[in-house]
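I opened my notebook to look at how some parts of this chain sit against each other. Here is what I looked up.

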Amino acid sequence: MTRWSGYYLHTTREVPSDAEVVSHQLMARAGMIKKLAAGIYTYLPFGWRSIAKLSAIVRREMDAAGAVELVMPSIQPAELWQESGRWQRYGKELLRMKDRHDREFCYGPTHEEVITDFVRRDVKSYRQLPFNLYQIQTKFRDEIRPRFGLMRGREFLMKDAYSFSATEESLDRVYEAMRNAYCRIFEACGLAYTVVEADTGTIGGSSSHEFMVTAATGESAVVHCPACGYGANQEKAERGEWTRPPAEPPAALEKVATPGKKTIEEVASFLALPKEKLVKTLVYNTEQGLVVALVRGDREINPVKLQNALSGVDHLELASEERIERELGLPTGFVGPVGLDEGVRILADRSVAGLDDFACGANEADHHLIHVHWQRDVRLAEFADLVLVVEGDPCPRCGSPLGLSRGIEVGHIFKLGTKYSEAMKCEFTDEAGGNRPMIMGCYGLGIGRTVAAAIEQGHDADGIVWPLPLAPFSVLVVGLSPNDPVAMAAAESLVAELEGRGVDVLFDDRDERPGVKFKDADLIGLPVRAVVGGKSFAAGQAELSLRHDRERISVPLAEALPKLLELIDRLR
């Protein structure tokens, strides 16, 4: 019998000063996690129960989909990452270290290199393919700004799986099996979710999909088309064709003084032009030198799309004012494409291509150009999709207006192809006796992040509202009269009966005031509650309720067990 008085569960009314989102606030207050350092948390017993329940669901569905569990080391030798080419490319999020022999290692943020290394030593023939291996293990990514508790920590628990196939068709089958398994996992958790196209990022590969738990507080924007079902995260989302405005007779290029006007809003107001008639010129640092990106004044650039358009660029950041002035000799805030140094690479968003008459920086302090025309005033060879999609943009598939909602990424699956197997010589002998690289997929699911997302999706002003499958305990039995031996014995009997029916129960036997117990009950949010004691017990009854609606039901003590089992079944 799990008694609150003997369990390590300490709630608090205080909200941590660094807790910006609901899940972080409530997990800390409900005694689920404890911060050790920035982005690093202890899973306390109450929180670990939810983690364990989710892990059991994940294992069940992964096993059913044909994946086999293993555990790989979290500390990985640098030479594997150097072999794949990611040692430098991964950036500062990779926590690097040296052992006493001065050999370099990293704390694994993911395990493509490790699994490819041992598979290439064990698997030699097409007859041994395909297979899919998975683990549930701690990862570390040295986030520049860890925040949101388990939503964006540095150390985190993740399920990652890796498949190896001989053909693209085989990869497609495994990928689809994983996609279906993920759907079953989130459905089994009782979570509302959506599946969207996503960018492959530092993992790489030909295509990927994200699984997003829908929540108003979600950190990610999700683009969707109500008409045809198209969906993508905002990093990946595309839009339909831009409407080209009617051609205008070319007016003479003119330089206009715009003293102190640097922002789009300031320039548009000063020139009495709509923002869509301005072109923003953004300068970025890359390992290939400075790159200039052009977007319409009313749109925001998508750095992921820009980086993808720059083949071979792994690091991208806005250039500082000092570097722009030092290398280009231009004043920040007044840079434009007309007359720009021919050695600087320029990419323009497709929206810019449709402008026949626009304004931009004049490459001179406190001045802008108006009546700029392509071909006549500036020639560009590179146009690409570079902007963030916004609500109302046309769908790239059917042209209907796109919608925008919020979500929390909890899973991400990738078709890796031969990115790692080619780099690391992970090959098999095919039926004709030739050597070919194995075709890989990888499939990640955030364990702690999914539990946090469940809280973001299920909470109210008083605390957590758990879905039954992820709740640390299914039922909370509150012994309302700790100094009444008869009432407490009745409460204990009810707990024992529930446990005898396989129900996991937390028994609040603390010597606390009823108000404290009810506040804590709302905070920890267990799905079903039974109160034994006080006036209802004197009347021979127990008071039952569900956390999500808190409607109280009084039943005779003898009927409490079957009624509680009925309420639990209602939540399944």
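I began with helix H2 (residues 45-64) and helix H12 (residues 447-457), which pack at an angle of about 110° with axes 10 Å apart. Helices here are DSSP runs of H or I with at least four residues, numbered from the N terminus; axes are lines fitted to C-alpha atoms over the stretch in contact, and angles run from 0 to 180 degrees between N-to-C directions. That angle makes H2 roughly perpendicular to H12 (65 to 115 degrees counts as such).

Next I noted who touches whom: Ser50, Ile51, Leu54, Ser55 and Val58 from H2 meet Ile447, Gly448, Thr450 and Val451 from H12, contact meaning heavy atoms within 4.5 Å. I sorted these residues into five nonpolar, four polar and no charged.

A note on the source: this is a predicted model, where local features need pLDDT of at least 70 and side-chain atom pairs count only at pLDDT 80 or more, while totals for chains, interfaces and linings use all residues. Residues are numbered from 1 along each chain as its sequence is written, and side-chain values use heavy atoms, leaving out hydrogens and water.

Then I turned to the domains, whose bounds come from an automatic or database domain assignment. I found domain 1 (46-238 + 404-455), domain 2 (254-384) and domain 3 (473-571). The C-alpha centres of domain 1 and domain 2 are 37 Å apart. Nine residues of domain 1 and six residues of domain 2 take part in their contact.

Definitions and conventions:
Helices (H or I, at least four residues) and strands (E, at least two) are DSSP runs, numbered from the N terminus. Angles under 35 degrees count as roughly parallel, over 145 as roughly antiparallel, 65 to 115 as roughly perpendicular and the rest as oblique. Ala, Val, Leu, Ile, Met, Phe, Trp, Tyr, Cys and Pro count as nonpolar, Asp, Glu, Lys and Arg as charged, and the others, Gly among them, as polar.
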